Every structure is written in structure tokens, then in C-alpha cells.
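Please open the model in your viewer and follow the selections below in order.

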Amino acid sequence: MNSQHDNRLIFFEILATSLVDNSFRRVTLSKPLPSTPWKRVVASVYRNSQHEIQIALEYDDGRQVRRENLAPDDAREAIQRLLDESFTTANLRWADENAQFERTSRGSYRLKRQIVDHAPPPVIQHNREKNYLIPPSAPFLVGLGIASAGRGEIKRERYDKFRQINKFVEIISHLLPESLTTSSRGVRAIDFGSGKHYLTFALGEYLRHLSPASSVIGIEQREELVTLGRDVASSLRWSHLTFQAGTIADSDINSVDLVIALHACDTATDDAIAKAIMAEVPYICVAPCCHKYVRKHFAPSADLKPILRHGILEERFAESLTDSLRVLALEASGYQTKLFEFVSLEHTAKNVMITATKTGRRNQASREALCALKEKFSLRDFYLDRCLWG
Ligand SMILES: C[S@@+](CC[C@H](N)C(=O)[O-])C[C@H]1O[C@@H](n2cnc3c(N)ncnc32)[C@H](O)[C@@H]1O
């Protein structure tokens, strides 16, 4: 039987050896001492762009996660210091073994080792994989059921959603200028048709990290989803995220920097665009969903019938026409636009994204092109047109 003091030495010996022979996978430090500013620290292994093994330490204070990348030897020193000075338990996963280390309130050391059956191969990921703007350990991911509680790992079946969230935040990071995101007043954002609020929380996490004064409002017509959002925000003590029950058309917005509306149904996307234009919102990001309205109202000429007699082609055509008209309406209202694929088609067919940045220069040619398209397809009624220009 080892003496209790030996347990500490054995644990640090396992840690050091695993970092040298590359059998280290991750260590989670938890149960902080009262003076410790973090709830937990997770250290995991990855390869940097030069293919060297590095250790990422993620310091989680319950609101934000700060990441530090260290060489294995420096990581060993940092982990040892954290365990001696700031945390009382550590769970080390290396090779096919789990080592659970604990320092009791009486100052003795316990060590429990356990062979883990069917251990998956070592998780040595490329740095690109690990450099997510929203890291897997972001606490809201647990609240929304994307990561598992305790381990802070993305659930296998929710990986697509996790990637989609990160892709979205990456797009927003390119859309908004740094002068705004890091300003002392922060960014005021609205998420129209926020649904289960994945993107509302992701935006809240990302913006708050850059400027603590940032805020996001989720507007959703389904009351039960609004309650869900409020519950998760309150469990995280996130007062910068608020939720309103109601429709986009009835909402009252002012002094907003960014409007997003992803996969809001049919004309809800038009309501969001119209609201944003009328409130002179400088940045807009929409990913349209179903496109029923134009399909019902357009009457293509006879020469297009051989194409549009196929339901699926007619649907896609109506989608393209609707989104082209939306882009033209934005340009005619003084915005510079981009239209691109959001996530790959294998994940969702609703994968077109439109972003718009206000320039204030109304594009007359776009307005004329919009009218010409409507005429060409005998589109008597285009919903967004009506919202904007009566
Ligand atoms: C497909 S979900 C998308 C949710 C979220 N934006 C996302 O991308 O994860 C669309 C949500 O928009 C809401 N919605 C649709 N039309 C709306 C409207 N006019 N006003 C407010 N919410 C609306 C629906 O209730 C639904 O929860």
C-alpha cells in the first residue's frame, strides 16, 4: 500500500510520463479552493500547424473560457501548480487508464486508478479543429443539450449543430468590424425567430467575450421556447441575453447594430429584413427557410414550363427568385450584400445565407432590376416589396 504522500508523487509521475510518451489525453481539474477564480480547468492535447504536440489549457470561470496553449513540459508545470494551489481533484485520462486524484480537507492524498475498457484512440486533434470560436466547453452548450454535462464534450449526435454554430459565429466575426465588437458600448443584436436559441446563445457568448456590454434579444413566437431560453440564460446568470414572446412584425426595435434571422419560416425572413431596413440596422444576416410565397404568386412564361413543370425544380427556382429579389431590395435600400452557401448541403438544404452591410447608398439599378424580375415572372405581389414600399 502506498503512503498518502506517495499518491501525490505517483500522480505527478503518471502525468509527466504520459506527457513525454504521448499517452496523455486530458486532465480535468475540479473542486476549486475558495480563492480560485475558475470553476475548472481542462487540459487536452492537440497538434499545432507544425504538427508538434501541444497542450491546450482551458480556464473556465463559469461565464467564459480562456485558452492557453503550452508545450507539454510547461503544461506539466502549470497543471502541477494548479493542483497544488487552486484545485483539490484531478481526473487524468492517459493511455487506457483513468487516474482520479484527490486532496482531502485534512491534506491527505487519495489516488484511484482504473483501466478503461475499449478506450477510443488518443484524441490528438489538429489545432484547426480545436480553435473553435465557440469552444466545446462553453457552458451554454450543456444548457442547450449540445454538450454533455460534467465532461463538457460535444455529444456525438450534436456535432453538426456544434459546427453550424461555429460556422455562423465565424461569419458574424467577418461581418462586424472590430471597432464595434470591441467598443465599450458593445454590440446590440436581435435574433428574430430564435427557436431553441442555439444561435442567440452562441452570439451572446461570442459578443460578450469581445465586449462585456454587448447584449442579444431573442424574439420568438412560441412561448414555450421563450421560457426555455429564459431558463437557460438564468441558470448561466446571463443577464445580457433576454427573450421576448411575439412575432417579428409586431416587435419594436431601435438602436440595434445587428439583426439575424436564420431559418425563420417563409415570409418571416422578409419581416426580419424589412424591420432591419426600417430601423436602419447597420448589419443584417439571414438564412432563409421555406419559400412558399413567391411560388404561389408567380406565373412563369410558357417557355419556362418545360423546366418548371417539375415540382422540385419549380421549388428551387422559386427559392432562387425569392432570394435574388431580397438581395435587390436590400441593395435598393442602401445595403451592400453577399449571398453564399452557409453550411454544406449534406447538413441542410436550407443553406443559403445573405449578409448585408449598410452603406446608405441606395442602388437605383437594383430597384429597377427588382421591378424587371417581378414583371418577367408576372409576380403580382412580392411580400418584402410590400413591407418596404407599400
Ligand atoms: C426553424 S426555427 C429556426 C430557429 C433558429 N433561428 C435557428 O436557426 O436555429 C424557426 C423559428 O422561427 C419562429 N418563427 C417563425 N415565424 C416567426 C415570426 N413571424 N415571428 C416570430 N418567430 C417566428 C418559429 O416559431 C421557429 O421557432
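A polar contact here is a pair of N or O atoms within 3.5 Å. The model is predicted, with local features requiring pLDDT of at least 70 and side-chain atom pairs pLDDT 80 or more, while totals for chains, interfaces and linings use all residues. Residues are numbered from 1 along each chain as its sequence is written, and side-chain values use heavy atoms, without hydrogens or water.

Select the ligand first. At L262, a polar backbone atom is 2.7 Å from a nitrogen atom of the ligand. At E220, a polar side-chain atom lies 2.6 Å from a ligand oxygen atom.

Next, select helices α9 (residues 268-278) and α12 (residues 311-332), whose axes are 11 Å apart at an angle of about 5°. Helix α9 is therefore roughly parallel to α12 (an angle under 35 degrees). Helices are DSSP runs of H or I, at least four residues, numbered from the N terminus; axes are lines fitted to C-alpha atoms over the stretch in contact, with angles from 0 to 180 degrees between N-to-C directions. Finally, display T269, D270, I273 and I277 of α9 with R326, A329 and L330 of α12, which make the contact (heavy atoms within 4.5 Å).

Notes. Helix = DSSP H or I, 4+ residues; strand = E, 2+ residues; numbered from the N terminus. Parallel < 35°, antiparallel > 145°, perpendicular 65-115°, else oblique. Polar contact = N/O pair within 3.5 Å; in protein donor to acceptor, adjacent residues only side chain to side chain.
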